[in-house]
Amino acid sequence: MSSTLLKNFIHGRYVDNADKSGFDVLSPATGEVIYAVETADEALLEQTVQSAQQGFITWSGTPAIERARILQRAANLLRERNDELARIEVLDTGKPWQEAAVVDVQTGADAIEYFANLCPSMMGEQQSVGDDFFYTRHEPLGVCFGIGAWNYPLQIACWKAAVALAAGNSMIFKPSEETPRGAALLAEIFIEAGVPEGVFNVVQGDGKVGQYLVQHAAIAKVSLTGEVGTGKKVMAAAAGTLKKVTMELGGKSPLIVFDDADIDEAVTGAMLGNFYTQGEVCTNGTRVFVHESCYDTFMARLIKRTKDNVIVGNPLDPKTNLGALISHKHLQKVLSYIQIGIDEGATLAFGGQQLKPEGCENGNFVSPTIFTNCTDDMRITREEIFGPVMSVLKFSSEDEVIKRANNTDFGLAAGIFCQDIRRAHRVIAQLQAGICWINAYGNSPVEMPVGGYKQSGIGRENGVEAFKSYTQTKSIYVGMNKLEGPF
Ligand code: NAP
């Protein structure tokens, strides 16, 4: 890959577009142009589809055990190149090096390894029906299309590709315009590992490029990670050809701290669920409900630890634990929500300012921000901000907090901190969310299916459930006796 111009990756190589149209990628930390990208024009998109159709024929005919061996090599290559890839994720996303170095590449490799190991064991069923019998085959869908968000570019590409490829599909992937490199590097690694040409292609561009492929008759399934509004558009466009869809969308998740919680752990959970990746995490627990009897203790420790321990700075500095927001536009959006919170009458208990760390004066930095005296109807407690902005709300009873936690159209995640195990399981069972944590927040091992309730999504990524969603079941009935009929 050229360090200054990134092209579309089709059929095992980078290819030129005809009109040289493209866009620049800016560093979130410095605001400077870091490289340029060529957009996929219509001719390239058609070339990509044809390549993926060819790739599908080769790959779906490759025995599962061989697919597993090749994918395992890709997982190993990712791990070997951890630091090089993590550095690119830091430069593209603005997230801290200390996170990317241990999470982004590793969790991507985990997904590829997990699904590689799973695919040879995914068996059909056989059942006798009288003298006859039937059996089932789990067959791949064909060419799948993955669309990524910008917060975990390489990990999202790995999660979508791992399951699609393990099940025998080919995949075309469109990363976000903000962070196009991670997926392209994954495509290079797949080729190096022995994945045949055309099995994983990467096209570059904005929503229009995405929409072209979502509507394309040759695509069997679309998997999107993005905002709820984008999910609605993509699903509507996919309906024209009745494509299968997986939607991993946004949230406004509740995190509930009961009076018997270990308060230090609950503070850790709230900080992880609001400040990790500078708040740009879909599952963030941005509505922190704290029981009135432990509220003062919780708030005192939360403010102290935020003040003492959060280090905002150059994302490449190993000490930094809160990096830069993805773009200037997104910074303005987060700052405008902070102003909305103030105007709505919430109390700004900490932060709320744009920051200009030394050496990164033109970057998109905002301080970790905590609002108290929030109410359920404020926009800051109802809308996804996708930045390090926490809203703290007080509650008095279990029934009340369950009702308030569920009072949202989102349903991605939820967390509770408490010691009473009966209450923990009783409350979790009543929360309308697809990903729940008890005395933890944010962990997402590949073995665990993840996805949203309500408007936060459709389908699941990871786990055995995801594998099934990339296959279709064929039932084959076998007659063992002479066939008779009324005609
Ligand atoms: P976004 O604006 O919805 O974009 C997501 C992707 O969709 C981008 O690649 C975008 O392209 C593309 N896109 C936009 N319009 C499209 C259309 N009409 N047809 C096809 N593709 C289209 O989301 P984002 O700002 O990148 O990411 C943040 C959002 O993702 C948040 O809401 C967050 O909660 C959510 N998210 C969810 C999960 C999860 O697992 N549930 C994980 C991470 C993030 P361009 O941006 O290049 O135009």
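1. An oxygen atom of the ligand lies 2.8 Å from a polar backbone atom of Gly-148. The model is a predicted one, and this distance, like the values below, is computed from it. The protein covers 87% of the ligand's accessible area, which is 900 Å² for the ligand on its own.

2. The ligand is placed in the largest pocket. Helix 8 (207–215), strand 11 (219–225) and helix 9 (228–239) are the elements that contribute two or more residues to the shell around the ligand. Of these, helix 8 gives the largest share, three residues.

3. Which residues come nearest to the ligand? Of the 27 residues around it, these are Gly-148, Glu-177, Thr-230, Leu-249 and Glu-384. By type, the shell holds 10 nonpolar residues, 11 polar residues and six charged residues.

4. Asn-82 belongs to helix 3, which spans residues 82–93. Is Asn-82 buried or exposed? Its relative accessibility is 8%, so Asn-82 counts as buried, the cut-off being under 20%. The side chain of Asn-82 has a polar contact of 3.0 Å with the side chain of Asp-83.

5. Asp-19 sits in the loop between strand 3 and strand 4 (22–26). With a relative accessibility of 52%, Asp-19 is classed as exposed, because the class begins over 50%. The side chains of Asp-19 and Ser-21 are joined by a polar contact of 3.0 Å. Asp-19 and Thr-369 are 350 residues apart along the chain, and their C-alpha atoms are separated by 45 Å.

6. Two residues other than glycine have a positive phi and deserve a look when the backbone is checked. For His-11, phi is near 55°. His-11 is in the loop between strand 2 (8–10) and strand 3 (13–15). At 22% relative accessibility, His-11 is partly exposed, since buried means under 20%.

7. The other such residue is Lys-454, with phi near 45°. Where is Lys-454 found? Its place is the loop between strand 21 (435–438) and strand 22 (457–458). Lys-454 has a relative accessibility of 38% and therefore counts as partly exposed.

8. Glu-292 lies in the loop between strand 14 (287–291) and helix 11 (295–309). Its relative accessible area is 43%, so Glu-292 is partly exposed. Between Glu-292 and Asp-41 there are 57 Å in space, C-alpha to C-alpha, and the two residues are 251 apart in sequence.

Conventions: Residues are numbered from 1 along each chain as its sequence is written. This is a predicted model: local features need pLDDT of at least 70, side-chain atom pairs count only at pLDDT 80 or more; totals for chains, interfaces and linings use all residues. Side-chain values use heavy atoms; hydrogens and water are left out. A residue is near a molecule or strand if one of its heavy atoms lies within 4 Å of it. A polar contact is a pair of N or O atoms within 3.5 Å; within protein, one must be able to donate a hydrogen and the other to accept it, and residues adjacent in sequence count only if both atoms are side-chain atoms. Accessible areas come from the Shrake-Rupley method with a 1.4 Å probe; for residues, only the protein chains shown count as cover. On a 1 Å grid over the protein atoms alone, a cavity is a set of points where a 1.4 Å probe fits but cannot get out, and a pocket is an open set with protein on both sides within 12 Å along at least five of seven lines; lining residues have an atom within 4 Å of a point. A molecule sits in a cavity or pocket if more than half of its atoms lie within 2 Å of its grid points. Helices (H or I, at least four residues) and strands (E, at least two) are DSSP runs, numbered from the N terminus. Ala, Val, Leu, Ile, Met, Phe, Trp, Tyr, Cys and Pro count as nonpolar, Asp, Glu, Lys and Arg as charged, and the others, Gly among them, as polar. Buried means under 20% relative accessible area, exposed over 50%, partly exposed in between (1.4 Å probe, protein chains only).
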